[in-house]
Amino acid sequence: MPINYYIFLSLALFCIGVAGVLTRRNAIIIFMCVELMLNAVNLLLVAFSKMHQHALAAGNPGAGIDGQIFVFFIMVVAAAEVSVGLAIIVMMYRNTHSTDVNFLNRLKH
Amino acid sequence: MALVGAILVVISKNPVHSVLWLIVVFMAISGHYILLNAQFLAIVNLIVYAGAIMVLFLFVFMLMNLNADTEPQKNKWLKIAGVVAGGSLLLVFVAALKNADMKNQLAVMNKGEIGLIHNLGMALFQDYVVPFEISSVLFLSAMVGVVVIGKKD
């Protein structure tokens, strides 16, 4: 399958994630849109790794494996990020009884 | 299917429905990984994202007793501005990449062995041992941080 299709699919997913972060105000849904963007990038990395493997397959059987290792590390970092973020949201909810990110304005006082 | 699911994640009013649509998106992305013969990543995506992280999100939703009524209201113009900003980002990317010269670059489907567990494990534990250990330290510090944040003070 041509690499273009994967590029445009990932772009569309990423931009939907960006639009979601900009439009929604619930902090948890913003986190979910961030996950969406991370997954778009992961899909693009895997597609490029397969493309790289196809291009360099002649002399180098392990070409393109770096991309999949990077995807693995992105997943690790995303899991840690989500756990910390949800803990912060729970603490914020305990203080303000809402998950509206607008309430975070009061952090500046 | 991934695109429809992703749009529904953003527009659904009820947060629980949003989580369920996000699971649909992750299933579709895992399907793409399997098509690209990256089986390890497909399984890890299903287990870690669609399993663990989504259960965590659902658990937090249940804990906070959120539903569509408690969804914070916001300005309509701000919403339109967000959609326009996302759409124009997409437009810029598409315009920039439309004429890129990669018509003959293929992402090979259904063959190649780099996505199998054996090869990924060899690369991970031979060339990438140090990042692997650092990520384990990152996990440990994240765990400690979550406990410290979540503790009642």
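Of the 153 residues of chain B, 33% count as buried, where buried stands for a relative accessible area under 20%, exposed for one over 50%, and partly exposed for what lies in between, with a 1.4 Å probe and protein chains only. The model is a predicted one, in which local features need pLDDT of at least 70 and side-chain atom pairs count only at pLDDT 80 or more, while totals for chains, interfaces and linings use all residues. Residues are numbered from 1 along each chain as its sequence is written, chains are lettered from A and ligands numbered from 1 in the order in which they are written, and side-chain values use heavy atoms, with hydrogens and water left out.

The table sets out the two chains; helices (H or I, at least four residues) and strands (E, at least two) are DSSP runs numbered from the N terminus, and contact means heavy atoms within 4.5 Å.

In chain A, helix 1 and helix 2 pack at an angle of about 165 degrees, with their axes 8 Å apart; the axes are lines fitted to C-alpha atoms over the stretch in contact, and the angles run from 0 to 180 degrees between N-to-C directions. Helix 1 of chain A and helix 2 of chain A are therefore roughly antiparallel to each other, a label for angles over 145 degrees, whereas those under 35 count as roughly parallel, 65 to 115 as roughly perpendicular and the rest as oblique. Among the residues that meet here are Leu13(A) and Phe14(A) from helix 1 of chain A, and Leu43(A) and Phe48(A) from helix 2 of chain A. By class, this contact of helix 1 with helix 2 of chain A has 21 nonpolar, 3 polar and no charged residues, with Ala, Val, Leu, Ile, Met, Phe, Trp, Tyr, Cys and Pro taken as nonpolar, Asp, Glu, Lys and Arg as charged, and the others, Gly among them, as polar.

The largest nonpolar core has 45 residues, and those with the most contacts inside it are Tyr33(B), Met54(B) and Phe57(B); such a core is a set of buried Ala, Val, Leu, Ile, Met, Phe, Trp, Tyr and Cys residues joined through side-chain atoms within 4.5 Å. At least two residues of this core come from each of helix 1 (3-23), helix 2 (27-56) and helix 3 (65-96) of chain A, and from each of helix 2 (15-35) and helix 3 (39-64) of chain B. Helix 3 of chain B supplies the largest share, 11 residues. Leaving aside neighbours within four places in sequence, Phe57(B) is in contact with residues including Phe31(A), Leu86(A) and Val19(B).

Ile29(B) lies in helix 2 of chain B and is buried, with a relative accessible area of 0%. Not counting residues up to four places away in sequence, Ile29(B) touches Leu13(A), Asn39(A), Leu43(A) and Asn45(B).

The loop between helix 2 and helix 3 of chain B holds Asn37(B), which has a positive phi of about 60 degrees although it is not a glycine. Most residues other than glycine have a negative phi. At 11% relative accessibility, Asn37(B) counts as buried.
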